[in-house]
Each structure stands twice: as C-alpha cells, then as structure tokens.
Amino acid sequence: MLKLHGFAISNYYNAVKHALLYKGLEFEEVYVRPNQSAEMLEKSPMGKVPFLETEQGILTEANIIMEYLDEAYPENPLYPSDPFAKAKVKQLLKTVELYVEGPAHELVPALMGMELPEDKKENANTVLNRGLPAFQRLAVFDPYVCGKTFSAADIFVYHAIKLSKTLGKVVLKRNIVEEVEGLAELMHLLDETDIAKKVIAENKAALTKL
Ligand SMILES: N[C@@H](CCC(=O)N[C@@H](CS)C(=O)NCC(=O)O)C(=O)O
C-alpha cells in the first residue's frame, strides 16, 4: 500500500494527502518530522516532508508525487490529458510554489515566536510583490484556478494559501488573499468540500499538539 510520510502541519504534506483522497487511493500515513538523520536522508534527500513510499521506491517533492499518482492511477484525474493544458496547470502550480508560498514559507519561524530580521520580511514582500500579480495573470478562477476543471493546481494553491495567508497577516500585515481577485472565492469553494474539511481538521489538530 502507498505510504505517505510526513506530518499534517505541512502544507506540502496536506496537498499530497488531499490528492490521494481526491483520487480515492488507499494509503497509510506515517508520522515523521523533517530531520537530517542518516536514516531520513536515505529516504528524503533533503530531509524534508512529505515523501511517498511506493512498491517501487520513494518519491519526494509534492508536485512530482502528484504527477506520479496521476500517471500511475488515472482514475479521478488531477491533470488535463491535453499536453498544453497540463503544462498550464504545472506552470500555475510552480509559479505559486516559487513566488508566493516560497517567500511566505521563509517566515514560518515567526509563527514559533522567533524575531525575524527586517531584511527577511523585506525580501518576502519583494518576491510577493511580483509573485502575486504573476499568480493573478495566470489564474482563471472559472471557478477553478485553471478553468472549468478541478486540478492539482487547486489542491496545491489551497494548502499553500492557507499557510501564506496566515504568514502574510501575522508577519507582513498584508492580506494576500485580497490581493488576488477571485482567490477568496476559490478558497471558499474548496473549504466546502469534504476532503478539504478533513485535511484542514487534521491540520488544526496537529497544530494544537505542537
Ligand atoms: N519542495 C518540497 C518542499 C517540502 C517542504 O519544504 N517541507 C517542509 C515542511 S512544510 C520541510 O520538510 N521543511 C524542513 C526543511 O526545510 O528542512 C516539496 O514540494 O515537497
């Protein structure tokens, strides 16, 4: 059986878990925190979570895992079959990962009570000032982020924005959801799904145990 390693605090873990649930695949969750032990690095080369254990071996990187799942288990697709449409889904996902979630993620230590240097906040703002308009240019929101069909990009964006919104509000005092027209509606749409409710409830439960 597929085994998803990681913890429910991670938006990357939650995105892969969401994808597994959406595809209706059986899987086991294995609790592991990011770490640099030799045992961990053998499985996850950067010591990060999530990683997916399959019968053939281990895969890391949330987007790669979602692409693998979609190719290995075609039912309930996460990507369009048309190559260009598929590439557009990947393009949007990658843009949000690098230029929205990425800079926001750098601020995570602030949520654990650490004082962040001003230049770190400035850098996050600078990247977000380009990343959020880039996201807006690519997003369709009709009603899903890449158009009429739900995709891996919706899943990734949903969990990335949950975290980035909190960090934006707490650390940068900006509402990143309001900066992208149509994003609030997408978040509400997904909030109402049973899978999102389950994944977010487990995320909240994990956060209270920190
Ligand atoms: N690019 C990775 C990012 C995963 C990631 O950053 N995971 C965080 C938890 S949310 C982690 O393991 N951080 C520990 C570290 O950076 O060493 C992916 O797509 O899976």
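Modeller: Axes here are lines fitted to C-alpha atoms, for helices over the stretch in contact, and angles run from 0 to 180 degrees between N-to-C directions. The model is predicted.

Biologist: Start with helices H1 and H3. What makes H1 roughly parallel to H3?

Modeller: Helix H1 covers residues 11–23. Its axis and that of H3 cross at roughly 10° and come within 9 Å. Angles under 35 degrees count as roughly parallel. Therefore H1 is roughly parallel to H3.

Biologist: Which residues make that contact?

Modeller: H1 supplies Tyr12, Ala15, Val16, Ala19, Leu20 and Lys23. H3 supplies Ala62, Ile65, Met66, Leu69 and Asp70. Heavy atoms within 4.5 Å are the criterion.

Biologist: How do the residues of the contact of H1 with H3 divide?

Modeller: Nine are nonpolar, two are charged and no polar residue takes part. Tyr and Ala count as nonpolar, Lys and Asp as charged.

Biologist: Now H7 and H8. What makes H7 roughly perpendicular to H8?

Modeller: Helix H7 (residues 152–172) packs on helix H8 (residues 183–191) at an angle of about 105°, with the axes 10 Å apart. The range 65 to 115 counts as roughly perpendicular. So H7 is roughly perpendicular to H8. On the H7 side are Asp154, Val157, Tyr158, Ile161 and Lys162. They meet Leu183, Leu186, Met187, Leu190 and Asp191 of H8. The contact of H7 with H8 has seven nonpolar, no polar and three charged residues.

Biologist: Turn to the sheet. What is its strand order?

Modeller: The order is S2-S1-S3-S4, in an open sheet of four strands with mixed pairing.

Biologist: Why do S2 and S4 stand at the edges?

Modeller: Strand S2 (27–31) and strand S4 (58–60) each have a single partner strand, so one side of each lacks a neighbour in the sheet. From one strand to the next, the twist averages 25°.

Biologist: How do you know that S1 and S2 pair?

Modeller: Two strands pair if there are at least two bridges between them. S1 (residues 2–6) and S2 have five, in the parallel sense. Lys3 stands opposite Glu28 in S2. Helix H3 (residues 62–72) packs on the sheet and touches S1, strand S3 (51–53) and S4. The direction of H3 makes about 130° with that of S4.

Biologist: Which residues are around the ligand?

Modeller: Ser10, Tyr12, Pro34, Lys48, Val49, Pro50, Glu61, Ala62, Glu97 and His105.

Biologist: Which peptide bond from Val49 is cis?

Modeller: The bond from Val49 to Pro50, with omega near 10°. Pro50 lies in the loop between helix H2 (38–43) and S3. Asp142 and Pro143 are also joined by a cis bond, with omega about -10°. Pro143 sits in the loop between helix H6 (118–138) and H7.

Biologist: What makes the phi of Phe141 worth a remark?

Modeller: Phi of Phe141 is near 50°, a positive value in a residue other than glycine. Most residues other than glycine have a negative phi, and most peptide bonds are trans. Phe141 is in the loop between H6 and H7.

Terms used:
Residues are numbered from 1 along each chain as its sequence is written. This is a predicted model: local features need pLDDT of at least 70, side-chain atom pairs count only at pLDDT 80 or more; totals for chains, interfaces and linings use all residues. Side-chain values use heavy atoms; hydrogens and water are left out. Helices (H or I, at least four residues) and strands (E, at least two) are DSSP runs, numbered from the N terminus. Angles under 35 degrees count as roughly parallel, over 145 as roughly antiparallel, 65 to 115 as roughly perpendicular and the rest as oblique. A residue is near a molecule or strand if one of its heavy atoms lies within 4 Å of it.
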